[in-house]
Amino acid sequence: QVTQNDIRRISWLRLENSKWEVLIAKRAYTKKWNPGKRWPAVTWWVRYGESYENTILRETKEELWIELKNYKLWKK
């Protein structure tokens, strides 16, 4: 049974280098939820009133200490 509280808007960033290698994160095996799972290094829920783009810019700065200036926004 899915409720409104189960639905989250998320934003994620795909970082790749000139060799098409992608930066991913691996969750610690000691975590209760999804131990050892791999996913994009920058991913987070979109806060109420915040855009997807602002979420990813904020999270990139918090998680990787990188301030994005030249990026391509892709929406689906």
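Which side chain meets Glu67 in a salt bridge?

Analyst: Happy to take you through this. This is a predicted model, in which local features need pLDDT of at least 70 and side-chain atom pairs count only at pLDDT 80 or more, while totals for chains, interfaces and linings use all residues. Residues are numbered from 1 along each chain as its sequence is written, and side-chain values use heavy atoms, with hydrogens and water left out.

The partner of Glu67 is Lys61, at 3.6 Å from N to O. A salt bridge here is a side-chain nitrogen of Lys or Arg within 4 Å of a carboxyl oxygen of Asp or Glu, and by this rule the count comes to 5. Lys61 is partly exposed, with a relative accessible area of 47% (buried means under 20%, exposed over 50%, partly exposed in between, using a 1.4 Å probe and protein chains only).

Now to Arg58. Its salt bridge with Glu50 has the closest N and O atoms 2.8 Å apart. Both ends of that pair are buried: Glu50 has a relative accessible area of 17%, and Arg58 has 15%.

Arg58 also forms a salt bridge with Glu62, where the closest N and O atoms are 3.8 Å apart. These two residues sit 4 residues apart in helix α1 (residues 52-64), so about one helical turn separates Arg58 and Glu62; helices are DSSP runs of H or I with at least four residues, numbered from the N terminus. Glu62 is partly exposed, at 44% relative accessible area. Through shared partners, salt bridges join Glu50, Arg58, Glu59 and Glu62 into one network.
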